[in-house]
Amino acid sequence: MSAAEPRPTDARIPVEDRTRFLRRPEHRALRALALVGLVLAWEAVARAGWVPVLFLPSPVGVLAEAWAMTASGELATHLAASLRRLLLGVAVGGGLGVATGVAVGFFALADAIGTPLIAATFPIPKIALLPLLVLWLGLGEASKVAVIALGVFFPMAINTAAGVRQADPLLIRAAVAFGARRWSVIRKVILPSALPMIFAGLRLAAGTALLLLVAAEMIAVESGIGFLVLHAGNIMATTKLMVGIVLLSLLGVLSHWGLARLERLAIPWRAG
Amino acid sequence: MTVRLVLEGVSKTYVDRRGQALVALEDVSLTVAAEEFVAVLGPSGCGKSTLLQLVAGLLAPSAGRIYFEGARRDGRPLTAMVFQEFALFPWRTVQANVEFGLEELGVPAEERARRARALIELTGLAGFERRYPHQLSGGMRQRVGIARALAVNPLVLLMDEPFSALDAQTRELLQEELLTLWERTRTTVLYVTHNIQEAVFLADRVVVLSRRPGRVLADVAVTLPRPRPAALAARPAFAELVERIWGLIRDEAREALTG
């Protein structure tokens with residue numbers, strides 16, 4: 001309080017901003033520092049020699065290993081194999097999920113048939129189905145892609161159906177008032193209405209897909225990040241293992257960021 | 001030119017989940033001639049929005065018939081609607097919103113763009129073609145709503161309290177704009193409102209509905225000459241007519257107030 005300001009007296013009670021404690025400043029510097037701090041602390045612990053390298057390789061060591069693996073082409077092979085499975089699985093599962101979600105959300109008949117089926121099969125942890133899928137589809141790529149597709153299918157179908165049901169009845173009536181029939185309503189009103197929910201489903205699905213990718217790549221494969229992690233662990237190549245883990249973390253962060261960008265591109269009418 | 005919209009003994013009863021029946025409209029008969037501007041006036045909950053939805057084919061009547069007499073199937077839609085809550089598609093720009101009905105009619109893209117342009121000019125939206133609805137004020141949004149409806153050149157334009165969600169000043173300006181527009185195009189209009197002044201200012205005829213269940217209480221001809229000036233409300237003839245219609249529904253309104 002500056003000296004010129006009158007002291008509060010009974011005669012004069014100043015009004016204060018009482019919402020001050022509700023403010024949430026961004027603390028941008030702190031955000032960056034938290035991440036850098038973690039890496040620095042990790043490096044410091046590794047350098048101090050408190051923990052043997054076998055258990056905790058240093059960040060610099062991991063970086064050097066990653067560089068060597070990039071130079072030899074090993075990293076690219078694993079990454080390409082994983083991305084292929086991931087993208088195929090997300091495309092198949094996402095496509096089927098959105099189609100199923102629209103059907104269940106819009107058509108009473110599909111709702112009656114699909115909703116109980118989804119409710120019954122959704123809670124099954126998809127990893128548990130992996131052996132079954134291997135039995136059905138063999139040890140090749142198909143079973144890997146299928147388990148990812150399954151994991152993506154459910155959040156996509158459920159979110160799409162919810163998004164479809166949330167479509168504003170007023171807008172549907174407006175479309176009908178201007179001559180729209182069933183498919184026009186679905187294409188021009190229902191789908192754009194459901195788009196934010198579809199993207200929310202995609203964000204959920206991305207995490208599941210990554211999890212299932214790693215699990216699937218631990219069975220009978222010779223390439224992929226999951227294989228890299230498992231194999232490196234088996235031969236106690238901890239630095240290599242850490243490269244795999246950091247790569248997975250990067251994949252997660254990148255997919256999240258990419259989806260957010262894609263969403264902003266796909267939904268330009270969102271206010272703000 | 002001789003097209004008429006005819007409602008014959010139309011009733012609408014809603015039945016809720018528990019089987020409770022609610023009579024919204026009872027035995028409403030009404031004719032709207034070509035190039036006529038008819039206002040349907042009634043208190044809230046009198047079923048006047050239901051009436052418009054029945055005419056638009058968005059609801060089925062429980063009894064009675066609705067038809068267009070003397071109309072030919074020539075690709076012109078029977079009706080187009082302007083909604084109280086605008087009902088613009090948020091993911092479409094102004095231009096694309098205005099083109100919506102034309103798309104559904106199968107009008108080729110070039111022709112669509114041309115007709116939408118003309119309506120955008122006419123409704124004072126020029127320069128806003130690429131904006132999204134959320135970037136517009138309420139008044140501008142309803143101009144888009146009107147342009148979208150006029151773009152398809154309907155036999156009858158249905159307007160469901162189009163200005164009641166707007167602030168008083170904007171409402172008055174848009175009423176004047178609509179009047180000017182209508183005196184130019186002479187599109188047949190069925191206009192629902194609860195505002196007596198608005199009904200008298202705009203319409204050739206005011207059909208007064210009763211409280212629920214909605215019945216036709218009176219059919220009042222508005223003989224005020226056209227083109228009508230914005231200052232019409234200051235004239236004794238206008239005030240007289242408003243007073244007369246208010247007299248018809250005052251008791252109803254009071255009943256509604258006390259439940």
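In this predicted model, 13 residues of chain A are in contact with 18 residues of chain B. On the chain A side of that contact, the elements contributing two or more residues are α7 (169-177) and α8 (182-216) of chain A, and α7(A) supplies the largest share, six residues.

Chain B itself is divided, by its domain assignment, into domain 1 (1-69 + 156-259) and domain 2 (87-153), and the C-alpha centres of these two domains of chain B lie 25 Å apart. Their contact draws nine residues from domain 1 of chain B and seven residues from domain 2 of chain B; on the domain 1 side, helix α5 (residues 168-185) of chain B gives the largest share, three residues.

Within chain A, the axes of helix α2 (residues 59-72) and helix α10 (residues 238-266) come within 9 Å and cross at roughly 85°. Because an angle of 65 to 115 degrees counts as roughly perpendicular, α2(A) is described as roughly perpendicular to α10(A). From α2(A), the residues A:G61, A:V62, A:E65, A:A66 and A:M69 meet A:T239, A:K240, A:M242, A:V243 and A:V246 of α10(A).

The residue classes of these contacts are set out below.

| Side of chain A that touches chain B | 10 residues | two residues | one residue |

Notes: Residues are numbered from 1 along each chain as its sequence is written. Chains are lettered from A and ligands numbered from 1 in the order in which they are written. This is a predicted model: local features need pLDDT of at least 70, side-chain atom pairs count only at pLDDT 80 or more; totals for chains, interfaces and linings use all residues. Two residues are in contact if their C-beta atoms, placed from the backbone, lie within 7 Å. Helices (H or I, at least four residues) and strands (E, at least two) are DSSP runs, numbered from the N terminus. Ala, Val, Leu, Ile, Met, Phe, Trp, Tyr, Cys and Pro count as nonpolar, Asp, Glu, Lys and Arg as charged, and the others, Gly among them, as polar. Domain bounds come from an automatic or database domain assignment. Axes are lines fitted to C-alpha atoms, for helices over the stretch in contact, and angles run from 0 to 180 degrees between N-to-C directions. Angles under 35 degrees count as roughly parallel, over 145 as roughly antiparallel, 65 to 115 as roughly perpendicular and the rest as oblique.
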